[in-house]
Amino acid sequence: MPVFPSKSTAISDLVLACSCVWSLYSIYGGMPSIGLKPRDGGMASNNLASVWFALTLAASLLGAFRFLKRQFFDRLAPIHDLLSWLVLVIGLPCLASQFYMNAGLSVLGNLHLLLMLPPILSWLGKDHLLGTFISRAETNKVTGYLALASMFSMTGCAVYSRNYYQLLACLLMFSSSRAFDITEKRRLGLPPVDWLHYGLAASNFLLVAGLCHTDLPGMDKLRHWTGNAMSSMFS
């Protein structure tokens with residue numbers, strides 16, 4: 001989907017960057033910020049997940065400068081596109097791997113880290129086994145399959161571990177990305193890329209809650225209700 005210089009997109013990128021800063025602070029600050037309540041044994045080490053937040057922070061900060069003024073748009077495009085690609089190729093598998101590690105499925109978590117290899121090898125330009133050139137379109141296709149596989153896998157992990165904040169975050173990330181992929185129409189005066197940024201920013205809040213085993217303010221009762229509903233469904 002083509003994108004153009006837009007101050008609204010610069011603002012949405014900045015909002016996404018702020019959510020990443022908050023997420024990194026929550027993970028490494030020893031306890032989640034703004035009063036999230038630890039549960040189920042407290043905090044876990046989430047170094048792999050921080051790769052997702054750090055790469056998204058770098059891409060969104062650069063995107064804010066890129067979309068702010070037209071003279072920056074074309075100049076920063078290659079670096080911004082590369083960082084956005086790295087978010088999908090490295091950040092998303094690391095995030096999925098972290099959730100599997102936290103769920104006690106370390107073997108599956110390590111397997112997700114191997115998902116980085118196909119798009120990275122295709123990005124290098126050659127299939128070393130066949131010696132044939134891989135086009136940019138084929139690289140993008142491999143990246144798309146990887147991102148889709150990671151999203152579905154994280155959703156399955158959320159259902160398995162009954163991590164409902166993780167499940168909500170995955171659904172929000174998927175719906176935001178699909179809205180960006182399938183439409184070019186403005187919604188409420190904003191282009192689809194802005195809604196993608198806002199959706200990812202909101203999902204970061206849910207991701208931290210899922211990673212750090214915390215209850216969002218006022219959500220503990222909903223978690224208890226959904227837990228009982230899921231238990232009744234699968235019993």
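Which residues is phenylalanine 53 in contact with, leaving aside its neighbours within four places in sequence? I looked this up first. The list is Cys20, Ser23, Leu24, Ile27, Asn204, Leu207, Val208 and Leu211, where contact means heavy atoms within 4.5 Å.

**Ground rules.** I note that this is a predicted model, in which local features need pLDDT of at least 70 and side-chain atom pairs count only at pLDDT 80 or more, while totals for chains, interfaces and linings use all residues. Residues are numbered from 1 along each chain as its sequence is written, and side-chain values use heavy atoms, with hydrogens and water left out.

**Confidence.** I checked pLDDT, the predictor's confidence in each residue, from 0 to 100. The protein averages 76, and 68% of the residues score at least 70. Residues 31-43 are one of them, with 34 contacts in the model beyond near neighbours in sequence. Residues 126-135 also fall below 50, and this stretch has twelve such contacts.

**Core.** I then went to the largest nonpolar core, which has 42 residues. Such a core is a set of buried Ala, Val, Leu, Ile, Met, Phe, Trp, Tyr and Cys residues joined through side-chain atoms within 4.5 Å. I use buried for under 20% relative accessible area, exposed for over 50%, and partly exposed for in between (1.4 Å probe, protein chains only). The members that touch the most other members are Trp52, Phe53, Leu92, Leu95, Met154, Met173 and Leu207. At least two residues of this core come from each of helix H1 (7-28), helix H2 (47-68), helix H3 (70-102), helix H6 (136-161), helix H7 (164-182) and helix H8 (192-211). H3 gives the most, eleven residues.

**Arginine 66.** I counted one salt bridge, taking this as a side-chain nitrogen of Lys or Arg within 4 Å of a carboxyl oxygen of Asp or Glu. The partners are aspartate 81 and arginine 66, at 3.4 Å, N to O. Aspartate 81 is in helix H3 and arginine 66 in helix H2, 15 residues apart, and the pair links distant parts of the chain.

**Aromatic pairs.** I found three. Rings of Phe, Tyr and Trp (its six-membered ring) pair if their centres lie within 6.5 Å; planes under 30 degrees apart count as stacked, over 60 as edge-to-face and the rest as tilted. I noted tryptophan 195 with tyrosine 198: the centres are 6.3 Å apart and the planes at 65°, so this pair is edge-to-face. Tryptophan 195 and tyrosine 198 are three residues apart in helix H8, which means about one helical turn between them. Tryptophan 195 is partly exposed at 31%, as is tyrosine 198 at 27%.

**Loops.** Arginine 162, in the loop between H6 and H7, has phi near 55°, a positive value in a residue other than glycine. Arginine 162 is partly exposed, at 40%. Glycine 104 lies in the loop between H3 and helix H4 (106-113) and is exposed, at 58%. I also looked up glycine 104 against serine 161: 57 residues apart in sequence, 9.2 Å apart in space, C-alpha to C-alpha.

Definitions and conventions. Helices (H or I, at least four residues) and strands (E, at least two) are DSSP runs, numbered from the N terminus.
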